[in-house]
Amino acid sequence: MLLNASGCLDALLAPDVARSLDGFVTKTITPLPREGNAAPRIAETAHGMLNAIGLANPGRERFLSETLPRLRELGVPLWISVGGFCARDYADTCAVLDDVEAIELNLSCPNVDEAPESAAEIVAACRAATALPLYAKLSAAHSDVAAVARAVADAGVDGLSLVNTLRGMALDPKTLAPVLARGTGGLSGPTLKPVALGAVHACYAATKLPIVGMGGVTTGRDMLEMIACGAKHVALGTILFSDPDAPARVSDELQEAAEALGVVQPGDVFALAHEGEKRLDIASIVAA
Amino acid sequence: MPRRERLRVLATEAVGPYALLRLERGQVDAGVPGQFFMLEAPGRLLPRALSLCLAPSGELAFLIDAIGPGTQALCELERGDAISVFGPLGNGFRLDVERPLLVGGGIGMAPLPYLAEALRFPPVVLGFRSERHAEAAVLLPGAEVAIDPVLVTSLIPDGHDVLACGPEPMLHAVGDLCPGAQLAWEAPMACGYGACYGCAVEIDGELKRLCVEGPVLLAA
C-alpha cells in the first residue's frame with residue numbers, strides 16, 4: 001500500500017494526487033490550532049531538505065467539523081496523524097475519531113517541544129481511548145530505535161511508521177546564520193533513505209509489526225528496498241513536492257524493479273533483507 | 001488547470017545580468033500574469049518557483065537571476081535540454097483595473113512584460129541597483145527607470161491602479177504609498193501547490209500559504 005508521509009500533501013488542494021495513493025495521511029492534528037513557526041521554514045540541502053513548519057494545523061475542533069467531512073468526500077482511506085504536548089492531548093483526539101482507516105501517533109516531530117511522557121506512556125493512553133488501528137511514528141534519532149519500537153509494541157500499537165525527519169541545520173552561504181528562522185529543522189529527502197532502511201530493518205526484526213516505511217523514497221526501487229527491509233506499506237514524502245505524479249510513477253517502477261530481479265510480485269521480496277530469510281538467487285530464477 | 005510536463009529548451013538569452021529561459025510551451029497553459037510555475041532545477045532536489053515573463057506563441061519564457069545553485073543550473077540550460085515544468089499555480093494579477101501602472105524592482109520585473117501585454121502596454125516604472133541590472137528594462141520598452149540611490153517609488157504618479165513586483169522593502173513602500181495596490185510577493189517554496197507549508201507569510205494577521213493565497217495580494 002502506498003501512502004503519503006504526513007505533512008507532505010494537502011488532499012483538499014490536490015485531490016487527484018490524494019486519489020492516486022492507497023490512503024491519505026493528514027497533517028498532524030493537535031488539540032488547539034497552531035500557526036506554525038516563523039519563516040523561513042524550509043531550506044534545500046545537498047541531497048535533502050530541512051523543514052521547520054511546526055505542526056501548523058487548524059486544531060482538533062475545526063479539523064473534525066470542517067476538514068474531516070471534506071476529506072471523507074474524496075473517497076480515499078484516511079489515516080489521521082495525531083499530535084500533542086502530553087499523553088492526554090493524544091488520547092483525547094483518539095477518543096473522538098471514528099470511521100477512519102488508522103491513527104498515526106506523531107511521537108517524533110523534531111520541530112516542537114516533546115511531550116514529557118515516554119512514547120510508550122502516550123501509546124498506552126491512546127490504546128485505552130480507541131479501538132482503531134494505532135501506528136506509532138518514530139524518529140531514527142534514538143541510539144536504539146528497536147527498543148522504542150518494542151516499548152510501543154508492548155503498550156499496544158498495531159503498527160509503526162518509520163521514520164520521521166532528523167533534526168539538522170543549514171547555514172546561509174554569506175552570513176553563516178542558520179537559514180531557518182527556528183534554527184534547526186527536520187531533514188528529509190534521498191539523504192534520509194539509508195537511515196530509514198536501517199530503522200525499518202531493526203524495528204521489523206524487533207517487533208514483526210506492520211510498518212509504514214518512509215524516508216527518501218523517490219523511485220520504485222527505493223520502495224522495493226523498503227519492502228525488503230520489512231515495510232508492509234510505504235509512504236512518499238519530499239518527492240511529492242517536486243513530483244505530484246510520483247505515486248503512479250513509483251507504483252509502475254516498483255513492478256519493473258521487481259521484474260528486473262526476476263520477482264513476480266513486489267510483495268515477494270518482503271523482509272528478504274533479514275538474516276535467515278531466503279535470498280534472491282537470480283541464476284536459479286533465470287534457469288527455472 | 002495546472003499541468004506538469006517536460007518542456008524542451010529553445011534558448012537561454014542574456015538580458016543584462018539575468019537570463020531569459022525560453023521553453024517550448026507544450027500543452028502547458030500560460031495562465032494569468034503573476035501566476036507562477038515550478039521549474040525543475042537540474043541536479044537539485046527541489047524545483048524553483050518562477051513567474052512567467054513572456055508568453056509568445058508556442059513558448060513560455062522565464063527571467064532568472066542566478067542567485068543560488070538552482071537558479072544557476074536553470075541559467076546554464078542549453079537548447080535541446082528538457083526540464084519538468086508544473087503550472088500555472090497560485091493567483092495572478094487582477095486585470096480589471098482602470099488606470100494601471102506597473103512597478104518593478106530588480107528581478108521582480110520578471111512578470112511585468114507578460115502583464116504589460118495583457119493590459120495593452122500601460123505605463124511602467126522600474127528600479128534597479130545598477131546600470132548593468134537596468135539593461136533588463138529592454139524587455140519593457142518605454143519604461144521609466146530609476147537606478148540606486150534613486151528609488152522607484154519616487155517615480156510613482158498619483159491616481160493609478162498599481163500592480164507591483166519586487167523586493168520586500170519595495171513592496172512594503174509601494175503598499176504604504178498606494179493602498180489597494182496589487183503586490184506580487186515571494187517566499188521559499190518546495191512544492192508550489194499547498195503541500196509543504198514552507199511559504200507561510202503573514203496575511204491579515206495570520207500565517208498563510210503564499211502559493212495558495214497569493215502570490216499576488218492586495219495591499220491593506
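Student: Which hand, left or right, does the crossing of helix 5 of chain A and helix 6 of chain A have?

Tutor: In this predicted model, the crossing of helix 5 of chain A and helix 6 of chain A is right-handed. The two segments are residues 145-154 and residues 193-207 of chain A, and their axes lie 8 Å apart.

Student: Why is chain A said to be as compact as a globular protein of its length?

Tutor: Chain A has a radius of gyration of 19 Å, and the globule rule gives 19 Å for 288 residues, so the description follows from the closeness of the two values. Chain A holds ten helices and twelve strands, its C-alpha atoms fill a box of roughly 60 × 50 × 40 Å along the principal axes, and 52% of its residues count as buried.

Student: Why does the description of being as compact as a globular protein of that length apply to chain B?

Tutor: For chain B the radius of gyration is 16 Å, close to the 17 Å that the globule rule gives for 220 residues, so the conclusion holds there. Chain B comprises five helices and 14 strands, its C-alpha trace spans about 45 × 40 × 30 Å along the principal axes, and buried residues make up 50% of the chain. Among the contacts in chain B with a separation of 6 or more, 60% are between residues 24 or more positions apart.

Student: Why is B:Y197 called buried?

Tutor: B:Y197 has 27 other C-beta atoms within 10 Å, and the cut-off for a buried residue is 20 or more, so B:Y197 is buried. The residue sits in the loop between strand 11 (182-184) and strand 12 (200-203) of chain B, and it has a positive phi of about 60° although it is not a glycine.

Student: Why does A:A271 count as partly exposed?

Tutor: A:A271 has 19 C-beta neighbours inside 10 Å, whereas a buried residue needs 20 or more and an exposed one has 12 or fewer, so A:A271 falls in between and counts as partly exposed. A:A271 lies in the loop between helix 9 (246-260) and helix 10 (282-287) of chain A, and its phi, near 65°, is positive in a residue other than glycine.

Student: What is omega for the cis peptide bond that joins B:D148 and B:P149?

Tutor: Omega is about 15° for that bond, and B:P149 is placed in the loop between strand 9 (144-147) and strand 10 (161-165) of chain B. The peptide bond from B:G214 to B:P215 is cis, with omega near 10°, and B:P215 belongs to the loop between helix 5 (210-213) and strand 14 (216-218) of chain B.

Key. Residues are numbered from 1 along each chain as its sequence is written. Chains are lettered from A and ligands numbered from 1 in the order in which they are written. This is a predicted model: local features need pLDDT of at least 70, side-chain atom pairs count only at pLDDT 80 or more; totals for chains, interfaces and linings use all residues. Helices (H or I, at least four residues) and strands (E, at least two) are DSSP runs, numbered from the N terminus. The radius of gyration is taken over C-alpha atoms; the globule rule is 2.2 Å times the number of residues to the power 0.38. Two residues are in contact if their C-beta atoms, placed from the backbone, lie within 7 Å. Axes are lines fitted to C-alpha atoms, for helices over the stretch in contact, and angles run from 0 to 180 degrees between N-to-C directions. A crossing is left-handed if the near helix is turned anticlockwise from the far one by less than a right angle, and right-handed if clockwise.
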